Amino acid sequence: MSDAPFPEFASHADPGPSFVDLLRRVAPHQVLGTGSTGPPAPDVTHGTTVVALRYAAGVVLAGDRRATAGFAIASRRIEKVFPADARSGIAIAGAAGPAVEMVRLFQVQLEHYEKIEGEQLSLEGKANQLSQLVKGNLPAALQGFVVVPLFAGYDERRGHGRVFSFDVTGGRYEETDFQAHGSGGVHARNWIKASWRDGLTGPEATELALRSLFAAADEDAATGGPDLIRRIFPTVATISADGYRALTDDEVEQQADDLLGGREEGAGL
């Protein structure tokens with residue numbers, strides 16, 4: 001445990017509910033995007049394809065497990081889907097190091113706000129906070145360290161799930177029903193677009209997310225498909241009024257095996 005004293009502020013200099021603003025005052029070098037200078041290394045690790053889609057009771061977030069560095073596979077088991085808080089989650093695509101750092105900072109920011117203000121941000125407020133973090137990473141993005149997250153959650157005020165996407169400048173866009181990012185995103189998005197319908201159940205939405213990732217892996221070399229030998233399958237989470245729930249490896253494997261079995265019998269993905 002660190003022996004460094006906790007920073008103290010005069011009443012007129014209260015840092016407020018923003019943890020990022022607090023970091024800028026006490027440790028500016030730790031703020032996302034400020035430490036990146038010069039051109040990126042050619043073998044920087046990138047996460048690839050993630051998807052988010054609404055269903056009747058909430059949203060599904062899913063991502064493949066492959067990370068690439070140039071033309072090489074850097075990792076076969078990277079995690080790209082994370083809880084943001086009890087009823088929201090974030091999926092990352094792009095430069096893996098800054099992306100994971102952004103996730104951790106976002107998680108702390110939401111917790112910090114709740115402790116200071118005594119209440120949670122609205123889902124839209126959380127999306128706005130993430131937008132500011134993406135915008136703060138713009139200097140690094142201009143050097144090649146691009147981070148493009150997907151954010152989704154259950155909106156208790158509206159009573160349904162919502163999906164938000166971002167661009168590298170911090171632009172925030174609410175998607176009506178679904179979105180996909182990463183190198184295989186266009187293939188996953190087209191697959192979802194062809195099959196999505198209003199009123200999907202949780203299992204149906206999970207199946208559609210898996211199908212879209214498998215279809216992306218068929219077309220995009222940087223997207224990892226199901227690895228039957230190593231038993232590596234996508235990461236999947238559902239978010240509803242009951243909260244954030246990450247599906248277990250066994251659950252995802254069972255659904256993936258069912259889908260792959262259907263393909264082998266000629267049913268297709």
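Visitor: Where does Arg231 lie?
Guide: Arg231 lies in the loop between α6 and β13 (235-240). This is a predicted model, in which local features need pLDDT of at least 70, side-chain atom pairs count only at pLDDT 80 or more, and totals for chains, interfaces and linings use all residues. Residues are numbered from 1 along each chain as its sequence is written, and side-chain values use heavy atoms, with hydrogens and water left out.

Visitor: What is the phi of Arg231?
Guide: Phi of Arg231 is near 60 degrees, a positive value in a residue other than glycine. Most residues other than glycine have a negative phi.

Visitor: How many helices and strands does the protein have?
Guide: The protein has seven helices and 14 strands. Helices (H or I, at least four residues) and strands (E, at least two) are DSSP runs, numbered from the N terminus.

Visitor: And what share of the residues is buried?
Guide: Of the 269 residues in the protein, 50% are buried.

Visitor: At what angle do α5 and α6 pack?
Guide: Helix α5 (residues 185-195) and helix α6 (residues 202-219) pack at about 140 degrees, and their axes are 8 Å apart. Axes are lines fitted to C-alpha atoms, for helices over the stretch in contact, and angles run from 0 to 180 degrees between N-to-C directions. The two helices, α5 and α6, are therefore oblique to each other. Angles under 35 degrees count as roughly parallel, over 145 as roughly antiparallel, 65 to 115 as roughly perpendicular and the rest as oblique.

Visitor: Which residues of α5 meet α6?
Guide: His187, Ala188, Trp191, Ile192 and Ser195 in α5 meet residues of α6 that include Leu208, Arg211 and Ala215; contact means heavy atoms within 4.5 Å. The contact of α5 with α6 has six nonpolar, three polar and two charged residues. Ala, Val, Leu, Ile, Met, Phe, Trp, Tyr, Cys and Pro count as nonpolar, Asp, Glu, Lys and Arg as charged, and the others, Gly among them, as polar.

Visitor: How do the axes of α2 and α3 cross?
Guide: The axes of helix α2 (residues 96-117) and helix α3 (residues 123-136) cross at roughly 140 degrees and come within 10 Å. That makes α2 oblique to α3.

Visitor: What residues meet there?
Guide: Among them, Met102, Leu105 and Phe106 in α2 are part of the contact, as are Leu130 and Leu133 in α3.

Key: Buried means under 20% relative accessible area, exposed over 50%, partly exposed in between (1.4 Å probe, protein chains only).
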